[in-house]
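User: Hi! I'm new to reading protein models. Could you walk me through this one?
Analyst: Happy to, just ask away.

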Amino acid sequence: MLSQKVQELELQNRRMAVIIEDITKSNVPKPKNCENCKHYIQHYYRTEYGAYYKLYTGHCICGVPTKKRKGKKNPSPEDMCLCYEERGE
């Protein structure tokens, strides 16, 4: 009985893996915010134990000041910098 449930769960996991793979392979456009730009450098914090944690800040190597984007987390297209290029994965 238990092995049958395990087999059912494994089959379900395989099906979900196929669905997730299809979703990630599809060309779903990413939002045009700085985190998805190839010119954006993410800042990290390193603990004394050597672990890295993402800080919710960074900088643009294109030289566009963040004040120009008005500090918005999700800037509108008119607030975006002209250097935006989607980051290739």
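User: What pattern does the protein chain follow along the sequence?
Analyst: Reading along the sequence, you get α-β-β. That is one helix and two strands. Here helices (H or I, at least four residues) and strands (E, at least two) are DSSP runs, numbered from the N terminus.

User: Where do these numbers come from?
Analyst: This is a predicted model, where local features need pLDDT of at least 70, side-chain atom pairs count only at pLDDT 80 or more, and totals for chains, interfaces and linings use all residues. Residues are numbered from 1 along each chain as its sequence is written, and side-chain values use heavy atoms, with hydrogens and water left out.

User: And what pLDDT does the protein chain average?
Analyst: The average is 78, and 74% of the residues score at least 70. pLDDT is the predictor's confidence in each residue, from 0 to 100. Where it is low, the predicted coordinates should not be read in detail.

User: In the protein chain, where is confidence highest, and where lowest?
Analyst: It is highest in strand β1 (residues 40-46), at 89, and lowest in β2, at a mean of 85.

User: Switching to cysteines: how many disulfides does a search of the whole structure find?
Analyst: One. Cys62 and Cys83 form it, with their sulfur atoms 2.4 Å apart; a disulfide here is a pair of cysteine sulfur atoms within 2.5 Å. The pair links distant parts of the chain, 21 residues apart, with both Cys62 and Cys83 in the segment after β2 (52-60). The link is left-handed, with -95° about the S-S bond.

User: How many salt bridges does the count come to?
Analyst: Two. A salt bridge means a side-chain nitrogen of Lys or Arg within 4 Å of a carboxyl oxygen of Asp or Glu. Arg14 forms one with Glu10, the closest N and O atoms being 4.0 Å apart. Both residues lie in helix α1 (residues 2-25), four residues apart, about one turn of the helix. Arg14 is exposed, at 52% relative accessible area, whereas Glu10 is partly exposed, at 41%.

User: And which side chain does Lys38 meet?
Analyst: Glu85, at 3.2 Å, N to O. This pair links distant parts of the chain, 47 residues apart: Lys38 sits in the loop between α1 and β1, and Glu85 in the segment after β2. Lys38 is partly exposed at 45%, and so is Glu85, at 38%.

User: Which residues does Asn36 touch?
Analyst: Not counting residues up to four places away in sequence, Asn36 touches Lys30, Pro31, Tyr84, Glu85, Glu86 and Arg87. A contact means heavy atoms within 4.5 Å. Asn36 is in the loop between α1 and β1 and is buried, with a relative accessible area of 18%.

User: Now the strands. What is Lys54 in contact with?
Analyst: Leaving aside neighbours within four places in sequence, Lys54 contacts Gln42, His43 and Tyr44. Lys54 itself is in strand β2. From Lys54 to Gln42 is 12 residues in sequence and 7.5 Å in space, C-alpha to C-alpha. Lys54 is partly exposed, at 40%.

User: Which residues form the nonpolar patch on the surface?
Analyst: Tyr45, Tyr53 and Leu55, with about 330 Å² of accessible area together. Patches are made of residues with over 30% relative accessible area and no salt bridge, joining like charges within 9 Å and nonpolar side chains (Val, Leu, Ile, Met, Phe, Trp, Tyr) within 5 Å. Accessible areas come from the Shrake-Rupley method with a 1.4 Å probe; for residues, only the protein chains shown count as cover.

User: Last one: of the 89 residues, what percentage count as buried?
Analyst: 19% of them. The protein chain exposes about 7900 Å², with carbon and sulfur atoms supplying 56% of it.

Technical notes:
Buried < 20%, exposed > 50% of the residue type's maximum accessible area, 1.4 Å probe, protein only.
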